[in-house]
Amino acid sequence: MPGPISDGDARARTLFDAAFDAIVTMDSEGRITEVNAVAERIFGRRAQDMIGQDLAELIIPEDLREPHRHGLAKYLSTGEAKVVDHPLEMPALRADGTEFPVELAIRRLPVPAPPAPPLFIGFVRDITERLRTEQDMRELAAEQAALHRVAALVARGVPLREVVDAVTEEIGRLLGAQTSNCIRYEGPGSAGVLGGWNAPGVNSVPVGSSVRLDDADTTAARIYRTRQPARLDSYEGQEGELAALLRDMGFHASVGAPIFLEGELWGALLVSSVNAEPFPPGVEHRIAAFAELTAQALANAEAREELRASRASIVESANAARRRIERDLHDGAQQRLVALALTLRRASALLDKDPAAAHDALAEASDGLDQALAELRELARGIHPAILSEYGLPAALAALADRVPIIVDCDVRLTERPREPIEAAAYYVVAEALTNVVRYAGAEEARVTAERTDGYLRVEVADTGSGGADPSSGSGLRGLADRVEALGGRLEVRSPAGKGTLVRAELPWA
Ligand SMILES: Nc1ncnc2c1ncn2[C@@H]1O[C@H](COP(=O)(O)OP(=O)(O)OP(=O)(O)O)[C@@H](O)[C@H]1O
Ligand SMILES: [Mg+2]
C-alpha cells in the first residue's frame, strides 16, 4: 500500500512494522494514509477500512471530536514541528463501537522535498492494561489503609462494638456497597445483626434484629452451610422472608465471608448492593481479611471476659474462704469458749461448798482451753502458714515437703524474698501440687524447685507418676491457675499419660 512510510526506505518500513504501539500517518487534512499491524489489532479494523478516514472519526468519540479537529487544524496551519508534543489520554473507538483508553502523540514528519504537503504521524497506545493496573494499585492501597485502620483499633483493644462499626463501614465503602452488616449465628435457623453500616438514604436490616436463615437461599445461609465465603448475585426470585426483605429494600447482590472464633463458625461479614451488577470476582476474599480482624477483636474481648471472670472467681473463692473461717470459728473455738465460760462459772459456784467438784470442773476447763487453742492454731494454719510469713519460701516449702509421705527433693534457690502475694501463691501451688502427687500420681518421689528467672519467680513440682492430670476435672489446679493469673502470672500443667506431671507457675517478681 503506497504511503510516506512504504514509499520510504526499508528501515522506515521495519520500524513501522516492529513498533509495539499503533502508528498511523496522516496527510495535512488529517486523513489516514497508512496504518501498521498494531493499529489494525487495537482498533479491530482492517487497514483498507481505515485509510482515507479522518483520524478524529476513528479515534475520538463523537463529543470530543470537534475540539480535537480544531486543535489539529490549528497545528497543521501553523506548521509547528511538534504537533501533539506530550501524549494525551483519551477514549478511542473500536470497530464494534466499544471504547478503550489510549494515549495519543502526533508528530510532523519532515518531507523530502518542500513545498510538498506536510505529513503527520500519530502514535496510539492502548493503555487499558496500565489504567487497570493503576486502578488495582489504588484499590489495594485503599484496602491496606482500611485494614490498617481496623487493625489499629483492634490493637488498642477498643470495645467489640466499635470494631464492628468500623469494619462494616470500611468494607461497605471500599467495595462500593450500600449496606454492610456483621451477623452472629444463633443456631441453624437464625442470626442476629450485631452491627452495620448504610450509605446515606439506604435502608437496611436494623442492628439488634434477628433474621431467619432456614427458609431462604441467602448469602448468610450459604456461609452458614458451607463455612466458606459466599455470594448471591441477585435476590430476584429468591424464596423466603429474608430474601424478600432484602429485595423489598432494593438490594440486588450480596457477598460475605465467615468469622471464626477458635475454629468454630461464629458469624459473618456481609455487604449488599442496590446496583444490578454483581460484585466483582474475588471480593469475598477481600472481605475475609476483615473477617479475620473481627475475629481477632472477638478473641480479645473473650480473653478480657475470661480475665474478668477469673478475677471474679478469685474474689468469690476469697469470700468462700472467709465464710468457711467464720463457720469454723462459730462451730469450733467459739462453742468451746462458751462451754469454758460455763464450766468456770460452775467451778466458781462450787469452790466453797464442794472443792473436789470445783477441782474437776477446773480440770475440765483447762482441757477445753487446750482444745480451743489447738483449734485456733489449726484454723490459723489454714489461713496463712506462720512459717511462710516468718521464714519465707525455702523454709515453708521444706516444711511442705516434710509433711508428705513421699520423698521430695526440694531445691529452692532464692536470695531475696518475693512480694507477699507472690510468695503465698507459690506456696499454694506447691502445696496443692504435692497433695495431688500423693493422691493421684502413684509416684514415690517428687521434685520441687523454685528460682528467680528474668523477672519471674518460677516454681515447679514434678513427679514421675501416672500423668493425666486434668484441670477441668477438679477445682484444685483451676483455682491455682486463677490465683496465678490474677497476679499476672502463668500456670502450666504438663501431664502426658504415663509420663509424670509437671506443674509450673511463673509469677512476676516486681
Ligand atoms: N500429679 C498428678 N498425677 C496424676 N493425676 C493428677 C495429678 N494431679 C492431678 N491429677 C488428676 O487431675 C485431676 C484434677 O486435679 P485437681 O487438683 O484440679 O482436682 P482434684 O484434686 O480432683 O480436686 P481438688 O483439688 O479440688 O480437691 C485429679 O482429679 C486427678 O485425676
Ligand atoms: Mg487437687
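Predicted model: local features only at pLDDT ≥ 70, side-chain atom pairs only at ≥ 80, totals over all residues.
Colleague: Where in the secondary structure do Glu432 and Asn436 lie?

Modeller: Both residues belong to helix 14, which covers residues 420-441, and they stand four residues apart, which is about one turn of the helix.

Colleague: Are Glu432 and Asn436 buried or exposed?

Modeller: The general idea is to compare the relative accessible area with a cut-off, since buried means under 20% and exposed over 50%, with partly exposed in between. Glu432, at 21%, is therefore partly exposed, whereas Asn436, at 14%, is buried.

Colleague: Moving to the whole chain, which domains does the domain assignment give?

Modeller: The assignment gives domain 1 (10-126), domain 2 (133-296), domain 3 (306-383) and domain 4 (387-508). One way to read such a division is through the centres taken over C-alpha atoms, and for domain 2 and domain 3 these are separated by 66 Å.

Colleague: What separates the C-alpha atoms of Gly52 and Ala399, and where is Gly52 placed?

Modeller: The two C-alpha atoms are 109 Å apart, for residues that are 347 places from each other along the chain. Gly52 sits in the loop that runs between helix 3 (47-50) and helix 4 (55-59), and with a relative accessibility of 44% this glycine is partly exposed. Once neighbours within four places in sequence are set aside, the contacts of Gly52 are with Arg31 and Ile32.

Colleague: How many salt bridges does the structure hold, and which residue pairs with Arg13?

Modeller: There are 29 salt bridges in the structure, and in one of them the side chain of Arg13 meets that of Glu34, with an N to O distance of 3.6 Å. Because Arg13 lies in helix 1 (residues 10-18) and Glu34 in strand 2 (residues 32-35), this pair ties together parts that are 21 residues apart in sequence.

Colleague: Which parts of the chain are linked by the pair of Arg346 and Glu364?

Modeller: The closest N and O atoms of that salt bridge are 3.5 Å apart, and the pair links distant parts of the chain, with Arg346 in helix 10 (residues 283-353) and Glu364 in helix 11, 18 residues apart. Arg346, at 40% relative accessibility, is partly exposed, and Glu364, at 43%, is partly exposed as well.

Colleague: Helix 11 also holds Leu369, so which residues make the nonpolar surface patch of about 260 Å²?

Modeller: That patch is made by Leu337, Leu369 and Leu373. Leu369, within helix 11 (residues 355-383), is partly exposed at 42% relative accessibility.

Colleague: Which residue forms a salt bridge with Arg413, and what surrounds that partner?

Modeller: Arg413 forms a salt bridge with Asp411, whose closest approach between N and O atoms is 3.1 Å; Arg413 is exposed at 58%, whereas Asp411 is buried at 19%. Elsewhere, salt bridges that share partners join Arg458, Glu460, Arg490, Glu492, Arg494, Arg504 and Glu506 into one network. Returning to Asp411, this residue is placed in strand 12 (residues 407-413), and, leaving aside neighbours within four places in sequence, Asp411 is in contact with Arg447, Val448, Thr449 and Ala450.

Technical notes:
Residues numbered from 1 in each chain as written. Chains lettered and ligands numbered in written order. Heavy atoms only, no water. Helix = DSSP H or I, 4+ residues; strand = E, 2+ residues; numbered from the N terminus. Buried < 20%, exposed > 50% of the residue type's maximum accessible area, 1.4 Å probe, protein only. Contact = heavy atoms within 4.5 Å. Domains from an automatic or database assignment. Patch = residues over 30% accessible without salt bridge, like charges linked within 9 Å, V, L, I, M, F, W, Y side chains within 5 Å. Areas by Shrake-Rupley, 256 points an atom, 1.4 Å probe, with all protein chains shown as cover. Salt bridge = Lys/Arg side-chain N within 4 Å of Asp/Glu carboxyl O.
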